[in-house]
Amino acid sequence: MELPARGQRLALIEDDGPLRMLLARCIRENGFEVASFCSAAEFAASSLADLTHLDLIILDIMLPGSNGIDVCRKIRQTSKIPIIFISARASQTDRIVGLEIGADDYLVKPVDPDELIARIRAVLRRADGHAGQDSEPAGAMLYFDGWRLDPRRRELFAPEGERISVSEAEFDLLVTLASMPQRVVSRALLLENSRGRQSGQGDRSVDVLISRLRQKLGSASNGADMIRTVRGLGYVFVPEVTR
Amino acid sequence: MSLGWSVWPQGLTSRLVLVLVLVMTAQFLVAGLLISGDESKIQREDIGRRIAEQVTVAERLIESVPSGQRRELAQALSTQHLEFRLVDEPVSRAAGRQSEMLRYLEADIFAWEPSLQEAGLWIALEDRKELSLDSYLTGSVEIGDGSWLAFRTREPVTNWRWAAFTLLRVGLVAIVIFGTAAVLVRTLNRPLVRLAESASLIGTDARIHFDEKTGPRELRRVSEALNAMQDRVDDVLLQRTRALAAVGHDMRTPLARIRLRIARIEDRVEREAAEHDVEIMGHMLQELLEYFDTDDPAPRTRTDLASLCRTICDGFEDLGNPVGYSGPDRLIAQVHHVGLRRAIENLVDNAVDHGTSRGIVLRADDDMIRITVADNGPGIPEEEFQRLMRPFERMDKARGEANGGIGLGLAITARVAELHGGRLVLRNREPNGLAATIELPVCDEPSA
């Protein structure tokens with residue numbers, strides 16, 4: 001697992017000049033290269049538009065001309081490059097639409113700078129993780145033991161179809177586990193993949209999240225725990241997972 | 001208006017019925033008077049003619065026989081209606097009553113047989129029984145030899161029976177007409193009553209569509225006008241809401257700039273204070289926009305409320321505010337997931353602000369699910385309950401608003417409960433604390 005290396009290049013498309021400047025500066029100060037654009041058209045006209053020299057795109061949704069949703073949809077036709085939305089629209093519907101058309105994350109203004117950097121790193125890391133396994137589309141539905149896990153909409157459904165509520169951190173953890181079934185996943189990796197939200201709480205927080213998840217998942221159809229502890233190593237997701 | 005308030009009924013039906021009663025009474029009186037007037041005239045003329053003819057014939061017959069046979073003849077001439085006697089003196093004028101009717105009758109008789117006037121006909125009314133309204137006619141006419149032919153009717157001639165009968169008939173007609181009209185008024189009024197009932201619902205909940213197809217034209221126009229009015233009100237509200245929401249969205253961008261600029265403040269205390277301020281402003285915007293979103297919920301989905309409550313409790317615990325959960329491990333219901341989550345979170349937010357210990361209790365019986373958030377804070381005076389559930393209403397400053405809300409928290413929760421067909425119930429606990437319960441009727445329909 002590589003940490004964000006120097007030289008990772010981001011494109012920022014945001015129509016508000018001062019905010020664009022401030023965001024670019026914030027991102028740059030955290031060790032990324034940034035190219036800023038004020039509209040989709042300007043981005044399309046640039047040399048970066050073929051995406052080959054880009055690692056991530058940060059998109060505002062409300063843009064003059066063609067909006068962020070259209071831009072994202074168009075990019076997704078040809079590329080899996082990570083996309084993060086930054087939007088003034090905070091409703092759940094907007095968020096779901098954003099994630100369903102293939103964005104990797106959705107942030108609401110005003111964005112906390114630390115949060116933004118953490119999300120950029122998490123998204124880049126996930127993209128890195130999937131880099132070797134191109135056949136698996138990120139965000140595809142996961143099925144196990146009658147359960148359904150929808151990484152795009154961030155929803156979990158029990159066998160009888162009812163939605164089970166889990167926290168963001170629990171969800172990330174479950175996605176990580178379910179993506180690597182029957183393999184031992186270390187606490188460190190789980191912690192890293194749970195979006196850096198609960199930074200500073202250490203290994204214990206992973207244990208707490210696991211115990212909360214177990215309570216919500218209940219036992220599998222064969223009566224055993226779905227998440228098994230491997231003492232000293234980490235956890236194993238027991239059920240068979242299909243996509 | 002205030003004078004006649006007690007007499008003049010409130011309802012339109014009652015008013016119309018009262019008007020009908022008055023009109024029908026007037027009709028009854030006038031018609032009764034006219035008809036009985038006409039009838040008594042016809043009757044009087046009829047009696048007059050009969051008497052005139054019979055008396056004339058009797059007089060002529062009697063005059064044509066010798067005096068000795070006259071008395072017997074007079075008796076023989078008596079009929080079922082009229083009795084004749086031969087007397088030596090004219091019937092005393094004082095023997096009976098005189099009346100206006102009698103004068104007319106006399107005139108009728110003379111008009112029919114003018115010879116009777118020359119023969120000195122005199123008639124009078126005679127009451128044969130005491131305490132009876134029946135009057136009989138008596139009279140006499142002179143016969144040549146100084147004797148008088150007296151006659152009296154065997155039947156009463158006054159027409160009170162006829163008059164009463166006539167009035168009864170007119171009255172019956174009036175009652176039948178009145179009854180029919182009252183039923184029609186009620187029928188006519190029904191669409192209006194229905195319209196009034198629907199109209200009183202305007203503004204309470206969803207759009208009321210007035211579809212008046214059967215009622216009178218005026219009511220159809222009223223219902224069209226009410227529809228148009230609702231359209232305009234909705235339109236104004238929508239524009240206001242949109243304007244406010246647009247401002248809310250637009251403010252996020254400058255707020256985002258401020259948030260990024262703040263990161264460059266060197267002084268740590270100042271920076272953190274400013275970050276906190278921006279956070280509060282963000283919360284306010286969030287609350288405002290969520291309030292607008294509440295009215296446009298996603299469809300209901302089958303949701304496990306137990307995990308929903310647990311996730312909320314865990315979230316607060318992770319921020320250092322433990323919230324207990326008591327309830328089943330699974331409880332499935334059809335709910336607006338996002339809205340309900342926000343509704344419960346708002347209650348827990350309040351509980352965290354006002355109490356040192358708080359918990360969520362989830363209970364369900366056959367037809368009601370109750371989600372109660374209880375704290376051990378100071379509670380709320382009961383008279384404030386309704387006010388605080390309205391948008392933009394807050395507790396007084398003394399109680400403080402630690403999280404800088406704008407008074408939409410309880411309003412959003414109450415609105416979400418209503419969207420589920422339920423309600424938000426506040427209750428003070430003993431010895432202190434508040435219990436806020438979201439009551440949700442059990443609903444199995446997926447998209448209700």
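UniProt, in an unreviewed entry, lists residues 12-35 and 162-185 of chain B under "transmembrane region". The model examined here is predicted. In that model, residues 12-35 of chain B are 100% helix and 0% strand. The end C-alpha atoms of this span lie 33 Å apart. Residues 162-185 of chain B are likewise 100% helix and 0% strand. Here the end C-alpha atoms are 34 Å apart.

Chain B as a whole contains eleven helices and eleven strands. It has 448 residues, and 39% of them count as buried. Among contacts in chain B with a separation of 6 or more, 63% join residues 24 or more positions apart.

Two elements of chain B each give two or more residues to the lining: helix H1 (12-63) and helix H5 (160-199). The largest share comes from H1(B), with six residues.

About 40 Å³ of space lies in the largest cavity. Its lining is formed by Arg300(B), Ala333(B), Gln334(B), Val335(B), Ile369(B), His420(B), Leu440(B), Pro441(B), Val442(B) and Cys443(B). Strand S7 (332-335) and strand S11 (434-441) of chain B each give two or more residues to this lining. S7(B) supplies the largest share, three residues.

In chain A, attention falls on one annotated residue. The annotation "modified residue: 4-aspartylphosphate", from an unreviewed UniProt entry, covers Asp60(A). Asp60(A) belongs to strand S3 of chain A, which spans residues 56-60. Is Asp60(A) buried or exposed? Its relative accessible area is 2%, so Asp60(A) is buried, the cut-off for that class being under 20%. Which residues does Asp60(A) contact, leaving aside its neighbours within four places in sequence? The partners are Ile13(A), Glu14(A), Asp15(A), Gly68(A), Ile86(A), Ser87(A) and Lys109(A).

The cysteines were considered last. A disulfide is a covalent bond between the sulfur atoms of two cysteines. Over all chains, the count of disulfides comes to zero. Cys313(B) is accordingly in no disulfide. The nearest cysteine sulfur to Cys313(B) is that of Cys309(B), 6.6 Å away. Cys313(B) is buried, because its relative accessibility is 4%. In chain A, Cys72(A) is buried as well, with a relative accessibility of 0%.

Definitions and conventions. Residues numbered from 1 in each chain as written. Chains lettered and ligands numbered in written order. Predicted model: local features only at pLDDT ≥ 70, side-chain atom pairs only at ≥ 80, totals over all residues. Heavy atoms only, no water. UniProt positions renumbered as here; feature names shortened; annotations may be inferred. Helix = DSSP H or I, 4+ residues; strand = E, 2+ residues; numbered from the N terminus. Buried < 20%, exposed > 50% of the residue type's maximum accessible area, 1.4 Å probe, protein only. Contact = heavy atoms within 4.5 Å. Disulfide = S-S within 2.5 Å. 1 Å grid on protein atoms, 1.4 Å probe; cavity = no way out; pocket = protein on both sides within 12 Å on 5 of 7 lines; lining within 4 Å. Points joined across faces, edges and corners; volume = space filled by probe spheres on them.
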